[in-house]
Amino acid sequence: MRFVRNSLLSVGVIAILIGLVWIGQGTGYFPYPSSSFMINEMPWAYRGIALAVLGLVAVAVSRKIGRR
C-alpha cells in the first residue's frame, strides 16, 4: 500500500505544478517560453485549473490511504 500512496502523492503534486504552469501561461502571467502557443490562451488556463484540481484530489486520496 505504501507504493500506491507514494505514487499517487507524486502524481498529484506533479499534476498541481503542471496545472499551475498552464494557468500562468494561459492567463499570460507566465509567458515562458515566449514562443509557446499557450500564452494568453484561456482554454489552457481552464485545463490547468482542471488538472490542478485533479492533482489536489489525488493528494487528498493519497493521504486517506496513508491513514489506514
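Biologist: How many helices and strands are there in the chain?

Modeller: Keep in mind that this is a predicted model. The chain has two helices and zero strands.

Biologist: What does the radius of gyration say about the chain?

Modeller: The idea is to hold the value against the globule rule for a chain of that length. Here the radius of gyration is 14 Å, while the rule gives 11 Å for 68 residues, so the chain is more spread out than a compact globule. The C-alpha trace tells you about its extent too, spanning about 45 × 15 × 15 Å along the principal axes.

Biologist: And what share of the residues counts as buried?

Modeller: Buried means under 20% relative accessible area. Of the 68 residues, 28% count as buried. Take Gly 12, which is found in helix α1. Gly 12 has a relative accessible area of 1%, so it is buried.

Biologist: Is Arg 67 buried or exposed?

Modeller: The cut-off for exposed is over 50%. Arg 67, placed in helix α2, has 63% relative accessibility and therefore counts as exposed.

Biologist: Which residues form the nonpolar patch on the surface?

Modeller: Look at Met 42, Tyr 46, Ile 49, Val 53, Val 57 and Val 61, with about 530 Å² of accessible area together. Val 57 is a handy one to click on, in helix α2. Because partly exposed sits between the buried and exposed cut-offs, Val 57 falls in that class at 45% relative accessibility.

Biologist: What should I look for in the backbone of the loop?

Modeller: Start with the general rule: most residues other than glycine have a negative phi, and most peptide bonds are trans. Now the case here: a cis peptide bond joins Tyr 32 and Pro 33, with omega about -10°. Pro 33 lies in the loop between α1 and α2.

Biologist: And what is the phi of Asn 40?

Modeller: Asn 40 has a positive phi of about 60°, although it is not a glycine. Asn 40 also lies in the loop between α1 and α2. With 55% relative accessibility, Asn 40 counts as exposed.

Note on methods:
Residues numbered from 1 in each chain as written. Predicted model: local features only at pLDDT ≥ 70, side-chain atom pairs only at ≥ 80, totals over all residues. Heavy atoms only, no water. Helix = DSSP H or I, 4+ residues; strand = E, 2+ residues; numbered from the N terminus. Buried < 20%, exposed > 50% of the residue type's maximum accessible area, 1.4 Å probe, protein only. Rg over C-alpha atoms; globule rule 2.2 N^0.38 Å. Patch = residues over 30% accessible without salt bridge, like charges linked within 9 Å, V, L, I, M, F, W, Y side chains within 5 Å. Areas by Shrake-Rupley, 256 points an atom, 1.4 Å probe, with all protein chains shown as cover. Salt bridge = Lys/Arg side-chain N within 4 Å of Asp/Glu carboxyl O.
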